[in-house]
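Student: I have just opened this one and would like to go through it with you. Could we start with a detail and then step back?

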Amino acid sequence: MASAKDFARLEQINGISHAILVRNNGQVLSQASDITAVYAPLIAGSGIRCDSLSTDMGGSRYIHFCLEQESGQNVLVFPLGQFYLGIITHPNCERQEIIDQVVLFLKHLK
Amino acid sequence: MNHETFIADIAASLPEIAGAILFDTQSGVLAQHLENEIQGYNPAAIGSKITAIAKNAAGQINDITTMQITFDTMVLSCRQLPGEQWLLLLHAPELSAGMITMALQMALSNSANEEETPSPDFYETESSWQEEETEQPLEEEPEEELAFVDTEAMIAPGAPLAKQLNFLQEELASCIGPVAMPVFHELLTTWCHKHTPSAETLPQLVDLIEQEIDDPEEIKTFHANILSILS
């Protein structure tokens, strides 16, 4: 079973700046900070719409969303039932490596 | 730019591309190409949801370059073109961002003589929607300043209600999965602020927990499993 501390441990992975757990109504479950306040609406809004895209794409299951920034940072959003896990990466990190590690982390939680 | 030609060129340039959609935020789908296996997809709905994500994100971030959504069967890559247009590509996961950029350049070169052709370096153009009025972010629930509750201590071995609370947490986890722990601690805090934590007020905590479970059947199972600790 995952605890808030488990999710916070994701931030120890090389390349990850912040891990933010958000309910699908935008409510933040991670520790409050300026960063979580900025990214939480984006994480929840993107996650909800990506989930709903499944119905427009023949029932395909949404695995993760990636938003690339000019700064080199990425925002990743993973669905977790009625929650979304947002990952903010450091600039110019190995994105696919981070995605693989987060997916592995989530598999171990289930 | 001839929209149909542009999309046909893109789709034909790489075998990994199963679909290409040119979407305008005002006019909707301008052109589309969908391979047989994805004929059932809804390009208009896909386009409108992608642009909604972009507008919502622009409220918080002002330097977005591309968006990519990975599904179990396909990847949807999204790039904004000048003039409120979006190129949406449905492709196999193996297709890299560099290959997409190359395909885009080739398609633009092919349509270079057409009127209204965007410049070949459009993919480096700063996104115009970032300056638009942004969609209202999701309405957030007003945050309530609550006094700290040491929920860890409440479930620690030896605490008066530890056995019951740990059992409730485990049962919640079997219903909602890996986020059960943070959710449970949040509910414990709410419960402590509304009631004096005791065996007598446990039913109120159970009520709070059941509100976190979506599936009515799972609520029934949860309730049946935890009845023993309420008696």
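Student: Okay, which side chain does B:E212 meet in a salt bridge?
Tutor: The side chain of B:E212 meets that of A:R23, with 2.5 Å from N to O, where a salt bridge is a side-chain nitrogen of Lys or Arg within 4 Å of a carboxyl oxygen of Asp or Glu. The pair crosses between chains, running from the loop between α7 (202-210) and α8 (216-230) of chain B, which holds B:E212, to strand β1 of chain A, which holds A:R23. Helices (H or I, at least four residues) and strands (E, at least two) are DSSP runs, numbered from the N terminus.

Student: And what else does A:R23 meet in a salt bridge?
Tutor: A:R23 also meets the side chain of B:E186, at 2.9 Å from N to O. Between chain A and chain B the count is three salt bridges, and over all chains the structure holds five.

Student: Before I go on, what kind of model is this?
Tutor: This is a predicted model, in which local features need pLDDT of at least 70 and side-chain atom pairs count only at pLDDT 80 or more, while totals for chains, interfaces and linings use all residues. Residues are numbered from 1 along each chain as its sequence is written, chains are lettered from A and ligands numbered from 1 in the order in which they are written, and side-chain values use heavy atoms, with hydrogens and water left out.

Student: How many residues are in contact across the two chains?
Tutor: In chain A, 49 residues are in contact with 45 residues of chain B, contact meaning heavy atoms within 4.5 Å. The two chains bury about 4,000 Å² between them, 61% of it on carbon and sulfur atoms; buried area is the accessible area (1.4 Å probe) that two parts lose on being put together, summed over both.

Student: New topic: where in chain A is confidence lowest, and where highest?
Tutor: Confidence in chain A is lowest in α1(A), at a mean pLDDT of 72, and highest in β3(A), at 95, pLDDT being the predictor's confidence in each residue, from 0 to 100. Chain A averages 88, and 95% of the residues score at least 70.

Student: What about chain B, what does its pLDDT average?
Tutor: Chain B averages a pLDDT of 81, with 84% of the residues scoring at least 70. Over residues 119-135 of chain B the pLDDT is below 50, although this stretch has 31 contacts in the model beyond near neighbours in sequence.
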